[in-house]
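Colleague: I am new to reading structures such as this one. Could you take me through it, one feature at a time?

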Amino acid sequence: MSYDPPRPAGRLLLTPEDKEAPERTRRLRLLGLGQHPEPWLDAFAHGLADLTGAPYAMVNFPGGQGQFFAGLHTPAVAPLAHRDGTGALPGRVLPREHGFCPHVVARRKALVLEDVSDYPRFAGNPVVDEFGVRSYLGAPLIDGTGTVLGTVSVTDVRPRAWGQPGLAAIKAQAADLVVRLERRKDDGLPP
């Protein structure tokens, strides 16, 4: 699968503009999300990791300045991400320029990168060097108002042939989570 977004004249736009950030922030606040880690979203991320066999899984609520992983699953021991063998574990916050979720938000569509080194636009992303990310699979969380609340995603430190089954799985998980997120507003409780 390929992804070749429009390029502004004369330069490559590395991180797409996030015009929906103010509306997303407002919606997330109404839902009581995006400000702190949520144990139930950590459990959801753990389920994503189990489903896909990926070492990293996230429920990401990006804002205007950065990304916040309200749900996060990382391996107990980081896979070797650096030549010096130190590896790295991602935290709950990343700058907008790190990772691939901002692209999913801007596209409003799932993104499959089986080997990020195949895409010059993505191969130079800081998470490739910092965390050793080599593959990505993510889908947007689009609520009933049409707002992209965030993303669900998994990453691996090796190339992965996610294929159509992976794409279908991540999209189904995103759809399920949107229902649960919107239920929070109606019930006032975690799903």
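**Pocket, cavity, confidence and sheet**

Modeller: The largest pocket has a volume of about 190 Å³. Residues are numbered from 1 along each chain as its sequence is written, and side-chain values use heavy atoms, without hydrogens and water.

Colleague: What counts as a pocket, and what as a cavity?

Modeller: Rolling a probe the size of a water molecule over the atoms shows where empty space is left. On a 1 Å grid over the protein atoms alone, a cavity is a set of points where a 1.4 Å probe fits but cannot get out; a pocket is an open set with protein on both sides within 12 Å along at least five of seven lines, and lining residues have an atom within 4 Å of a point. Points are joined across faces, edges and corners, and a volume is the space filled by probe spheres set on them.

Colleague: Which elements supply the lining of the largest pocket?

Modeller: At least two residues each come from α1 (21–31) and β2; helices (H or I, at least four residues) and strands (E, at least two) are DSSP runs numbered from the N terminus. By class, this lining has six nonpolar, eight polar and one charged residues. Nonpolar means Ala, Val, Leu, Ile, Met, Phe, Trp, Tyr, Cys and Pro; charged means Asp, Glu, Lys and Arg; the others, Gly among them, are polar.

Colleague: How many cavities of 30 Å³ or more does the structure hold?

Modeller: One. About 170 Å³ of space lies in the largest cavity. Its lining has 15 residues, with Met58, Leu94, Val127, Val133 and Thr155 nearest the centre. β1 (56–60), β2 (66–73), α5 (126–131) and β6 (148–156) give two or more residues each. The classes are 11 nonpolar, four polar and no charged residues.

Colleague: What is the average pLDDT of the chain?

Modeller: The average is 84, and 82% of the residues score at least 70, on the predictor's confidence scale from 0 to 100. Where pLDDT is low, the predicted coordinates should not be read in detail. Residues 1–13 have pLDDT below 50.

Colleague: In what order do the strands of the sheet lie?

Modeller: Strands of a sheet pair through backbone hydrogen bonds, either parallel or antiparallel. Here six strands form an open sheet in the order β3-β2-β1-β6-β5-β4, paired antiparallel. β3 (93–95) and β4 (111–113) are at the edges with a single partner strand each, so one side of each lacks a neighbour in the sheet. β5 (residues 135–142) pairs with β6 over eight bridges, where pairing takes at least two DSSP bridges. Tyr136 has Thr155 of β6 as its bridge partner.

Note on methods. Predicted model: local features only at pLDDT ≥ 70, side-chain atom pairs only at ≥ 80, totals over all residues. Contact = heavy atoms within 4.5 Å.
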